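Here is a briefing on one protein chain. Keep the sequence and the model open side by side as you read.

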Amino acid sequence: SPLSSSLGATRQIRTGFFAEDLDFIDPEGPLLADREGSRWRCMDDPTLQASVLERSNVGMGMLVLNRSRGMDLPTVNDLYVRLRNLEVNSLKRFVGLTAVDPGPFCVGLDPQELLLAATAARRHGRLPRFSRALLWHYQELAHLIADFKKPILCQLSGPASDAGAALACLASFSGAYDGSQVSVDSAFAGLAPMGGMSYVLARLKWNLGEFLALTGWQVRGSDLVYAGLLPHWISPEALPFLELTSEKQLEVSEWDARCLLDEHSLPLPDGFGDADSLPKWILPLVQHAFSAPSLPGIVERLRSLVKTGDPQKKNFARTCLDQMSKASPLALHVTLGLIRKSAQIYNSAYQANRQRRLDQDTASSVLREIMKLELRAQQRLLCSADAVLGLHARCTGRDVSDSLWSRQSIMEVVQEEVEDVIAKPPSPAAGEAADFAIAPRSEMSLSTHPRLRRFHPDYDPATGLDHDPAWMEAEAQRWSPELFAEERQHTISELLGG
């Protein structure tokens, strides 16, 4: 206006500080803010350096994985012992399992430990004892989580892969949220799925199990629930809230306490959208291509999709073929064989049951049979040159050129060789561990009170004990974090020329 132009430019004067200001700082914020890492306070290790952290609450046990690079033998043993102690603790109605964030939930076994195993196997012609123990104990850990007598509420707090993802998928009450992710990329390191992951993949619809394992496709967010990898959609705040209210679990029956956990299963958001990790339009393509009876048949169907005029189908098929070209041809064949055999075992048990459902004992038996095949395959693949090549590449953060694998293409792998890796019984003379088996475990804790001992299912009237002392001492040594520590260090020194 003429008046404003005659007075010159308008002068702005600040009369106070407002929350809408870009540079506004709440004076109460620094004073009342949560301490950094406050979510992990009151753990049994105040330095938060232990590979497994535990926080004891009334009515609930809380375990937190704290080894982002993968699990070694001490970590596996420590987690197993803690879970067993919580399973027989009468004051714990359920167990919470998650990982320190930010970071991955679990990537499975430490690739450096597997590389050490593969290198030592190439040097000596057999896996060292500490590596065989690592594979066996991880199978036992995964089976314990799947067969746990109390609910395990597992929050998939971040990315998980291979056998690490199996821990969450096998838990009785596991859940995902926006930051959750699962991938199966063991074939890209020259290995096969283990930890019960073959059991998980074999039960997926639309041949998604074969698709995920052969391509390393990443599944995120709500697609994990829609695909059948995880059963629940759970808020990241569920476990902290349960810790505050867990003492209420002791005021109700065990069945009611289990039902209370369902309150934390939130409504599932939309999934399988075009912008999601598993778009709905690829599901028919996945079922068409990956339902082929053999790996060459899968590749042939993908190549036929490349020749179509549909850009979406062409791009999808090319992506799958490019991904599969980065994996070991032998490992791809073994992976597909494991999933298909696991599906046969599962379907046979399912059809044999008149109620068309598997009770816990039958499901546990099926899982053990599949884990037996996984252990056979993993031991033999670790002794191959592909395992050294693939694991070294994974540890150094690079891909392996398809020309470097022991087989140049999937056509060079014969079915008899795959059957030998999976189905051939183990040979103790070749340094292979016996077939995987599980000893029965008690659901009651031991007691020092002579009268209480009588109620234990393992009570022996002749000795007056509720356990076998010699067996218990052997188990304590077997699950010690120091198991084979000296032998492992000696092997490292030998390989380094020390």
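Leucine 452 is partly exposed, because its relative accessible area of 49% falls between the 20% and 50% cut-offs. This comes from a predicted model. Surface, sheet and salt bridges follow in turn.

**Nonpolar surface patch**
- Leucine 452 sits in helix 19, which covers residues 450-453.
- Met444, Leu452 and Phe455 form a nonpolar patch on the surface.
- Together these three residues have about 340 Å² of accessible area.

- Strand 1 runs antiparallel to strand 2 (residues 59-65). Six bridges join the two.
- Asparagine 57 has methionine 60 in strand 2 as its bridge partner.

- Which residue forms a salt bridge with glutamate 54? The partner is arginine 82, with the closest N and O atoms 2.7 Å apart.
- Arginine 82 lies in helix 3 (residues 73-87) and glutamate 54 in strand 1, so the pair ties together parts that are 28 residues apart in sequence.
- Are the two partners buried or exposed? Arginine 82 is buried, at 15% relative accessible area. Glutamate 54 also counts as buried, because its 19% is under the 20% cut-off.

**A salt bridge between partly exposed residues**
- Aspartate 262 and arginine 258 meet through their side chains in a salt bridge, at 3.1 Å from N to O.
- Aspartate 262 is partly exposed, with a relative accessible area of 36%.
- Arginine 258 counts as partly exposed, because its 24% is above the 20% limit for buried residues.

- Arginine 380 and glutamate 432 form a salt bridge through their side chains, at 3.1 Å from N to O.
- This pair links distant parts of the chain, 52 residues apart. Arginine 380 is in helix 16 (residues 360-382). Glutamate 432 is in the loop between helix 18 (415-422) and helix 19.
- Both arginine 380 and glutamate 432 are buried.
- How many salt bridges does the whole structure hold? A search finds 24.

Key: Residues numbered from 1 in each chain as written. Predicted model: local features only at pLDDT ≥ 70, side-chain atom pairs only at ≥ 80, totals over all residues. Heavy atoms only, no water. Pairing = 2+ DSSP bridges. Helix = DSSP H or I, 4+ residues; strand = E, 2+ residues; numbered from the N terminus. Patch = residues over 30% accessible without salt bridge, like charges linked within 9 Å, V, L, I, M, F, W, Y side chains within 5 Å. Areas by Shrake-Rupley, 256 points an atom, 1.4 Å probe, with all protein chains shown as cover. Salt bridge = Lys/Arg side-chain N within 4 Å of Asp/Glu carboxyl O. Buried < 20%, exposed > 50% of the residue type's maximum accessible area, 1.4 Å probe, protein only.
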